[in-house]
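The sequence and model come next.

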Amino acid sequence: NVTVIRAGKLVDVVAGTVLKDQTIVITGERITAVGPSASTPAPAGARVIDLSAQTVLPGLIDMHTHLTGDPYLAGYNALGVSDTRAALYGVRAARKTLEAGFTTVRNVGASGFGDVALRDAINDGDFIGPRMRTAGYAIGIKGGHCDENMLPPDMNFTSRGVADGPWEARAKVREMAKYGADVIKICASGGVLSKGDEAGAQQYTLEEMQAIVSEAHKLGRKVAAHAHGTSAIHDAIIAGVDSIEHGSLIDADGIKLARQHGTYLVMDIYNDDFILQEGAKAGMLPESIEKEKKVGQLQRDNFRKAFQGGVKMAFGTDSGVYPHGDNAKQFYYMVKYGMTSMQAIQAATINAADLLGWKDSVGSLSVGKYADIIAVQGNPADDASELTKVDFVMKGGAVIRQ
Ligand code: ARG
């Protein structure tokens, strides 16, 4: 079961260079050799895939997805969707995401453990989708961004992710871990797409976040903190979270803290386009559109400041807010707001693999790693937007798209 890929160009994301005429040897699920074609012979009987006219790179990683979320069922439209229906929707979203070249995702919040079911079904081979790290329910305060605030008090509904106070929050981390969370997602501040809160206002206290982080790390799980607000970002970093999601209103102090603590920023700077263009039609609340108008541009400007300030960045888009499969549209903005195309690719490969804790298995085309490989016609190291046109996808040695 040996496959050989002849690559016209190959993006070495570790060195940050593009190599010519490379050969990758794949045995089973993994890469067993990679080097110049002249000195890397194809083993006898190997299947050869000719990508000599293309640029080959490691499968992309999106650190912020919601595969069970349908972007066209937002706001009150989402209330009629059962957790089971959402999980089944996720089957299609998973395929679209993988076919777009995203061979790994970190899914940061799903109701009914639909993300865990998707992950396990993909791993069992029931259908195709990316490798998944899952969070189960996003954990947050009552009435906060991670709760469900659209129903009247008569219904007395609270999301299963709600936990108030340090010990309740610790217990919630244990519950998520028990039912399949690989990573813990929390809501440190308010959000755009939630009712009745301000994106910039802090929600979890420092004390609650310290409890969550110590419990999660004790159980071997990293913590991803949704935080648009300045003080929430500050306290989440002090508490020791592994990544700040959104990061919209990060200030100079937050940038310095993130650099000092080695905290990753995962900033979803594409979806503003979709929210402003399609959001109302999709059912997003008028207040959400107004909130987006306040944070969208600031987030893009702060992306540039944080990156230039030396903060580690990993690629994450909040898919599910916008249509699955459009993930790579974000590369355009990452370059527009300060990265080189190579740096944007690194954010979606080696950096993301590091934040996942999967540095040994994904994120670069190196011996021993999974053969998660994509190819495009152009050269994405010159223009990362080429990654919206992925035309070859392999996951774990299996060709998904050619
Ligand atoms: N899920 C996020 C929230 O509701 C989406 C934010 C989208 N806006 C943005 N500028 N990134 O807060």
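Buried means under 20% relative accessible area, exposed means over 50%, and partly exposed is in between (1.4 Å probe, protein chains only). This is a predicted model, in which local features need pLDDT of at least 70, side-chain atom pairs count only at pLDDT 80 or more, and totals for chains, interfaces and linings use all residues. Residues are numbered from 1 along each chain as its sequence is written, and side-chain values use heavy atoms, with hydrogens and water left out.

Helices (H or I, at least four residues) and strands (E, at least two) are DSSP runs, numbered from the N terminus. Val11 sits in strand β1 (residues 2-12). Val11 counts as buried because its relative accessibility is 1%. Contact means heavy atoms within 4.5 Å. Leaving aside neighbours within four places in sequence, Val11 is in contact with Thr17, Val18, Thr55, Val56, Leu57, Pro58 and Met342.

Val18 belongs to strand β2. With 30% relative accessibility, Val18 counts as partly exposed. Residues up to four places away in sequence are not counted here: Val18 touches Lys9, Leu10, Val11, Met342, Asn379 and Ala381.

Val11 and Val48 are 37 residues apart in sequence and 20 Å apart in space. For Val18 and Val183 the values are 165 residues and 33 Å.

Asp21 is also placed in strand β2 (residues 17-27). Its side is partly open: Asp21 has a relative accessible area of 48% and is partly exposed. Most residues other than glycine have a negative phi, and most peptide bonds are trans. Asp21 has a positive phi, near 45°.

**Phe113 and the aromatic pairs**

Phe113 also has a positive phi, about 55°, although it is not a glycine. Phe113 lies in the loop between β6 and α2. What is its relative accessibility? The value for Phe113 is 11%, so the residue counts as buried.

A pair of aromatic rings is described by the distance of the centres and the angle of the planes. Rings of Phe, Tyr and Trp (its six-membered ring) pair if their centres lie within 6.5 Å; planes under 30 degrees apart count as stacked, over 60 as edge-to-face and the rest as tilted. The structure holds 7 aromatic pairs.

| Pair | Centre to centre | Angle of planes | Class |
|---|---|---|---|
| Phe113 and Tyr137 | 5.3 Å | 80° | edge-to-face |
| Phe113 and Tyr179 | 5.6 Å | 55° | tilted |

Both pairs link separate stretches of the chain. Phe113 is in the loop between β6 (102-107) and α2 (114-123), and Tyr137 is in the loop between β7 and α3, 24 residues apart. Tyr179 lies in the loop between α3 and β8, so its pair with Phe113 ties together parts that are 66 residues apart in sequence. Both Phe113 and Tyr137 are buried. Tyr179 is partly exposed, with a relative accessible area of 37%.

Elsewhere, Phe102, Phe315 and Phe331 form one aromatic cluster.

**The disulfide**

A disulfide is a pair of cysteine sulfur atoms within 2.5 Å. By this rule the count comes to 1 disulfide. Cys146 is joined to Cys187, S to S 1.7 Å. The link spans distant parts of the chain: Cys146 is in the loop between β7 (131-134) and α3 (166-178), while Cys187 is in strand β8 (residues 183-187), 41 residues apart. Why is the disulfide right-handed? The torsion about the S-S bond of Cys146 and Cys187 is about 55°, so the disulfide is right-handed.

Both ends are buried. Cys146 has a relative accessible area of 12% and is buried. Cys187 is buried at 0%.

**Helices α4 and α5**Axes are lines fitted to C-alpha atoms, for helices over the stretch in contact, and angles run from 0 to 180 degrees between N-to-C directions. The axes of helix α4 (residues 206-218) and helix α5 (residues 230-239) come within 8 Å and cross at roughly 40°. A crossing is left-handed if the near helix is turned anticlockwise from the far one by less than a right angle, and right-handed if clockwise. The crossing of α4 and α5 is right-handed.

Which residues of α4 and α5 meet? From α4 come Leu206, Met209, Gln210 and Val213; from α5 come Ala232, Asp235, Ala236, Ile238 and Ala239. By class, this contact of α4 with α5 has 7 nonpolar, 1 polar and 1 charged residues. Ala, Val, Leu, Ile, Met, Phe, Trp, Tyr, Cys and Pro count as nonpolar, Asp, Glu, Lys and Arg as charged, and the others, Gly among them, as polar.
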